[in-house]
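Q: I have a structure open and would like to talk it through. Can you take me over the main points?

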Amino acid sequence: MARRLWMIGTNSGNNGCPTLYEDLDSKEILVQGDNLTDPDDIAQLKNVKEGEGFVIVPRELLATFGPKEVEHVPVLISFDDFDGMFETFEHTAWRLETRRAYQSDEDTETYRRFAAGLDAGYDLDDPWCVSRREQTALGKRFERVRVVDNPPTPGQLYLLDGARRNSSVGEEIRNLWRNDADRLELPAEDFWLFDSRVVALLHFDTADHITGVELITDPVKVVRYCQVRDAAWHHAIPHEEFSARVTSAG
């Protein structure tokens, strides 16, 4: 099976080499650069095995994009601190949702009503809606891409219905079929990206409860999430059009 590679960074713009890549599964680092071919240079290398090759890359490539940690140590923040980020960000809060269910949704009365075939009865004056309206009135943007299975799960159908609530308070919602997300090699992660400079990565248990929020500020890692956002947002479909497609297919 082919590796799933993610470009970490390059010193040469969008084309050519040198470039560093990460194997998303093994976490190994692959290096693209100019081949070392001079026999006198190769003769100075130690313990060369048959089939090994050698490339030359600038020192600044490794200094800028090379992994700084051998073992990842997550930086976790409290849920109160996480909630505060939705009022202290400057211009854009962007979300990717990839899970098939969220227990926090299923514990609500609106979910129970929707599952029973009734109107969900969203309260557009609850604290969450009030906060969203206040922030969007300041010129800030809230955007989401939701990955959806085909056919959608019950939880995903609830979110499709609830997009009208999000939209009414200023959020822009788009959806992406899971097959397309896989084709784009988007990570199976849920996260918020604030102002293109800090990531709040959401952790869940097997029962779909959120268990923690990891703060990511490493510029190299943040760039990766910005690339995810750009690909997902470009290919995703506005929720009104997407919901119409799901309804007609059903």
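What follows is a chat about the strands, rings and spaces of this structure.

Q: What kind of model is this, and how are residues numbered?
A: This is a predicted model, in which local features need pLDDT of at least 70, side-chain atom pairs count only at pLDDT 80 or more, and totals for chains, interfaces and linings use all residues. Residues are numbered from 1 along each chain as its sequence is written, and side-chain values use heavy atoms, with hydrogens and water left out.

Q: ok, how many helices and strands?
A: The protein has 10 helices and 13 strands. Helices (H or I, at least four residues) and strands (E, at least two) are DSSP runs, numbered from the N terminus.

Q: And what does the C-alpha trace span?
A: Along its principal axes, about 75 × 40 × 30 Å. Of the 250 residues, 40% are buried, where buried means under 20% relative accessible area, exposed over 50% and partly exposed in between, with a 1.4 Å probe and protein chains only.

Q: Why is S7 largely enclosed?
A: Strand S7 covers residues 92–97, and six of its six residues are buried, so the rest of the structure largely encloses it. Thr-92, Trp-94 and Leu-96 are buried on one side, and Ala-93, Arg-95 and Glu-97 on the other.

Q: Which strand runs parallel to S7?
A: Strand S8 (residues 141–148), joined to S7 by six bridges. Two strands pair if DSSP finds at least two bridges between them. Ala-93 has Phe-142 as its bridge partner in S8.

Q: Which one is antiparallel to S7?
A: Strand S10 (residues 190–194), paired with S7 over four bridges. There, Leu-96 stands opposite Phe-191.

Q: Switching to rings. How many aromatic pairs are there?
A: The whole structure has 13 aromatic pairs. Rings of Phe, Tyr and Trp (its six-membered ring) pair if their centres lie within 6.5 Å; planes under 30 degrees apart count as stacked, over 60 as edge-to-face and the rest as tilted. One of the pairs is Phe-89 with Phe-142, which is edge-to-face, with 5.3 Å centre to centre and 80° between the planes.

Q: What does that pair tie together?
A: Phe-89 lies in the loop between helix H3 (79–88) and S7, and Phe-142 in strand S8, so the pair ties together parts 53 residues apart in sequence.

Q: Are those two buried or exposed?
A: Phe-89 is buried at a relative accessible area of 3%, and Phe-142 is buried at 2%.

Q: What sits over the ring of Phe-89?
A: The charged end of Lys-140, 4.8 Å from the ring centre. A charge sits over a ring if NZ of Lys or CZ of Arg is within 6 Å of the ring centre and within 35 degrees of the ring normal. Elsewhere, Arg-174 lies over the face of Trp-233, at 3.8 Å from the ring centre.

Q: Last topic, the lining of the largest cavity. What is in it?
A: Its lining residues include Glu-97, Tyr-102, Arg-146 and Leu-159. On a 1 Å grid over the protein atoms alone, a cavity is a set of points where a 1.4 Å probe fits but cannot get out, and lining residues have an atom within 4 Å of a point.

Q: Which strand gives the most to that lining?
A: S8, with three residues. S8 and helix H7 (154–168) each supply at least two. Tyr-102, from the lining, is buried, with a relative accessible area of 8%.

Conventions:
1 Å grid on protein atoms, 1.4 Å probe; cavity = no way out; pocket = protein on both sides within 12 Å on 5 of 7 lines; lining within 4 Å.
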